[in-house]
Amino acid sequence: MIKKILIGIAFSPNLKANLFEALRLGNMFGAQVIGVHVGEKTTSKETELQELLLESSEAEHSFKTIWQEGNPVDVILNTSKKEKIDLLVLGALQKENLYKYYVGSIARKLTRKAHCSVLLLIKPSTERVPCKHIVVNGLQDEKTEETIKSAFTFAKNLDCKRITIVEEISQSELNVKVNDDETLRKNTLAKEQLKEREDLRVNSILNDIDTQDIIVKKQSIFGRRGYCIGHYAKIKRADLLVMNAPSKTTILDRIFPQDLEYILSELPTDVLIIK
Amino acid sequence: MKNNFKTFMSEIPQNLFSGFVVSLIALPLGLGLALASGAPPISGIIAAIIGGSVVALLGGSNVTITGPGNGLVVVILAAITTLGAGDMHQGFLYTLAAIVVSGIIMIILGFLRLGSLGDFFPSSAIQGMLAAIGIGIFAKQVHVMLGNLNAKGSIVELVLKTPQGLYNYVTTNSQSTLYAGAVGIISLLIMIFYGKIRNKYFQLIPAPMWIVMLSVGMFYYFDMFSSNAYPIDPKLLINIPDDVVSNFNFPDFGKIYQTEFISAVISITLIASIESLLSIKAVDKLDPLKRRSNVNKDIRALGLATLISGFLGGLNVVTVIARSSVNVNNKGSNRSANFFHASFLVIFILLFASELRKIPLSALAAILVYTGYKLASPENIAKVFKIGKEQLLIFLITLLTTITTSLITGILVGIFATFVIHIVINKNLSLFTRNLLKPNVLMFKEDGKYYVSVKNFSSFINYTRLKAKLDQIPENEDAIIDFTLCDFVDHSVMENLNNYAESFKRKGGYFEVIGLDSHNSTSEHPFALRKNIPTKNESSVKTNLTKRQKSLQQISNELGWKYQSLPAKEVSKIPEFGYFKTRQINKVSNILSNENCTLFDIEFHEGELFAKQIIKATMLHINLGENAPEFTLDKEGIFEYIYHFTGFKDVTIENHPDFSKRFYLTGKNENEIKSFFTDDLILFFKSNKYYHIEANNQGLLIIGKERLAGIKEIKSMADFGLRLMNIICTNKLVTTSN
């Protein structure tokens, strides 16, 4: 359950929208929202923030501001540890003139190092945009069960009615290569079997979850892990993509992107990373 | 398994026949290609024999024919000249070693499943390279065709010397040159007009074989009937060793570590793989049984065949399109046809070696001049230009670089030019560099449909990724390819998508490309690169009707039928007929129809790539409402005697020996056919004009001549159709009332 939400306050043009999104989330989950500003505390900044908080119709819950100077990454990571934060909300950047979003360098470091779940917002908005469709990964991993459960919690709190669980199956698991009609037939059969196996596995996770009122769909995709789900979320115009946190990232992963890095370099939609 | 064996056995006769026809072409072509390559003529035949047998046993395709290929002429000639440094024979021995090594490389490529490497070449660059090969063949052989063996120089010089060569020929005072040149020119005319003459007896023997037969015949005429001696100098006749079996050349591996050897190996392998891959793909489109070839297995078999052929003094083995097309047209149905083609070549070489020695070189050169022209024909260039100016630029860059430098440089420059042009068109380098290594294709199955989405860009550079996904979709399913998220799609990809669409259509599936319309409006997309999307209904309806069309309109008014210059919707019934199993329909036009009968002009083609023959004809389709038995009815003739021999059965109708004698009737269900052919119907057929008639559950297809029909012919065809339908309908009434 999410009790404390942390948001970085940078006094950028996006501040209002980011703040409102965080407050709204706080309300939906019944959680406290904490804002951290890395930098000097001045009266002008304080009044600006106060004015914004007053504008919001959501500000019923307690909002706490922490002012601290230092390295943004370290400050935010330390605060989130100290305050026992459950969810860190970060804004993404938009490429000039293109409808493509990516995660800036600070946010990227935070995403990799944070000990709590991270929510990356591509289009924060002052008005509420309803969340209609959540896509969640269902790949074979020990974290997956937790991630799917969190996706359902989010769906309930955000009043979302549709969840698609994407089972990414690595092409290498399919050991039939297509050469001609005969191998194509075998390949199709093998895929069918793998799909059934994956569906079974996901079903066993779903058994423990209350899925009432939510349309659940399972979609198996053969292809590169981490990449497929992002592409899928984009073409399905999902509102939220929920993913496992990566096991560990090395330098190599950044050069040859793996799982999450595909998503970070080109955000398909809002992304929630569950830790 | 047992069933497969049974089908195989039952199809042996037709494959035997088809293999025979193919060997008739393979013989002169093999000799000619070897000669043009500067190799001993027999080396081409060795390649065809080894290729035919090895690939038939171990290959992964079905109806392809293998042997020496056109593309190799230029590379082998270059290799022999550079490696031999003046000594053609020694150069040939070194080249044999290069052929052996290239065979080994192809085997390795096959095992590494690198058959898909062939997709890495942009199609306009390949077109340019093929055209350059065509010019290379043409340049050298046009002089040989005119009886001059001594023309030397680079490709460009040789082309420029052509008018001079013609002038020299006209003014020559050597009897030998005059006759050799005459043989050459007549042979060329035969090649050019062969396709235009649609006479089945004439077409029974392929054009190259006509040339061989006529030139050998000419020798015997001088030998036996004429008082003059044979005028053509023995130097201008083909040279085949006296004892073929004991005269093999063996490779010399002496230069194996030298750069020129390595570069020869690379060019030979490159051309062999590209030519084979292109041909395998093209032949799959012709396969009446719609099978998918195992490309990598085929490449391995070709490699092994090349290896063996090289060791025995033969050229390297590739899959060849022209001979494969002939194989399909003659009902070759499995690899045994390739094997039989090889076997017949062995027989020819052993039995007719002395006759073959009478063939003038100019006759073979004429065959090659024609082939070269087909590869580089102006129509090809026009076609490339239609796709887009930038494609023409790529084409010309590749073409000119290839003929002025070498093949490897040519194709590399072509690839580079294509890439640069893509960057210029998009005004964006980072689109390519940032996304080059990233996956960009997503495929999943949803609600029984395959959905493929492509992101960023899709061009020849990353086409293999798209192809890997598309190849996993069974062609009888529905597939949707979405390019909404893709900023750029190049011509090579569009062309390949078109091929997929065709093969899905053939196999009963559905393949649709979506998401490209919006690109046009934002003009991010180069318009020309999208022109290749199949549009079967030509939107430009001509308002100016030709004279023939006006007369057709008049006829339709007289008959009370309806006339349309172009079909309102796609024609679906016609391709179902057996006649179109090996022929692809390009266009249907000038449609005259009433409720049940449809008379139309149809344009279709036989063969693929440069072996393509476009034929226009007028046909009549009758919708019978109820299912007629499947049958074909034809005039009885020489052809049918051959079919009898090869196992096709003629259905005999009792009490009508005259009908059975004059008509050739086949079909699967003999009893149904017998009850369908009532006395009235037989009388009708006996007393009317002959047409080729095919029936299946889509109705009747009536084919007159394999050309467009004139107004009178159309009238009589319509009349024939109406009366035929009357008889069939009354028959049906009688049988049902009984």
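Predicted model: local features only at pLDDT ≥ 70, side-chain atom pairs only at ≥ 80, totals over all residues.
Local features are given only where pLDDT is at least 70 and side-chain atom pairs only at pLDDT 80 or more, while totals for chains, interfaces and linings use all residues. Residues are numbered from 1 along each chain as its sequence is written, and chains are lettered from A in the order in which they are written.

Chain B is assigned domain 1 (2–400), domain 2 (435–530) and domain 3 (548–737), with bounds that come from an automatic or database domain assignment. The centres of domain 1 and domain 3 of chain B, taken over C-alpha atoms, are 38 Å apart.

A residue is buried if 20 or more other C-beta atoms lie within 10 Å of its own, exposed if 12 or fewer, and partly exposed in between, with C-beta atoms placed from the backbone.

The contact between the chains (residues whose C-beta atoms, placed from the backbone, lie within 7 Å) takes 18 residues from chain A and 18 residues from chain B. On the side of chain B, helix H12 (295–311) and strand E3 (441–446) each supply at least two residues; helices (H or I, at least four residues) and strands (E, at least two) are DSSP runs numbered from the N terminus. The largest share of this side, three residues, comes from E3(B).

Helices H3 (residues 72–84) and H4 (residues 88–111) of chain B pack at an angle of about 120 degrees, with their axes 7 Å apart. Axes are lines fitted to C-alpha atoms over the stretch in contact, and angles run from 0 to 180 degrees between N-to-C directions. Among the residues making this contact are B:Ile76 and B:Ile80 of H3(B) and B:Phe92 and B:Tyr94 of H4(B).

Most residues other than glycine have a negative phi. A:Asp159, not a glycine, has a positive phi of about 60 degrees and lies in the loop between helix H5 (144–158) and strand E9 (162–169) of chain A. A:Asp159 counts as exposed because it has 11 C-beta neighbours inside 10 Å. B:Asn590, in strand E10 (residues 583–593) of chain B, has a positive phi of about 45 degrees. With 23 C-beta neighbours inside 10 Å, B:Asn590 counts as buried.

Note on methods
Contact = placed C-beta atoms within 7 Å.
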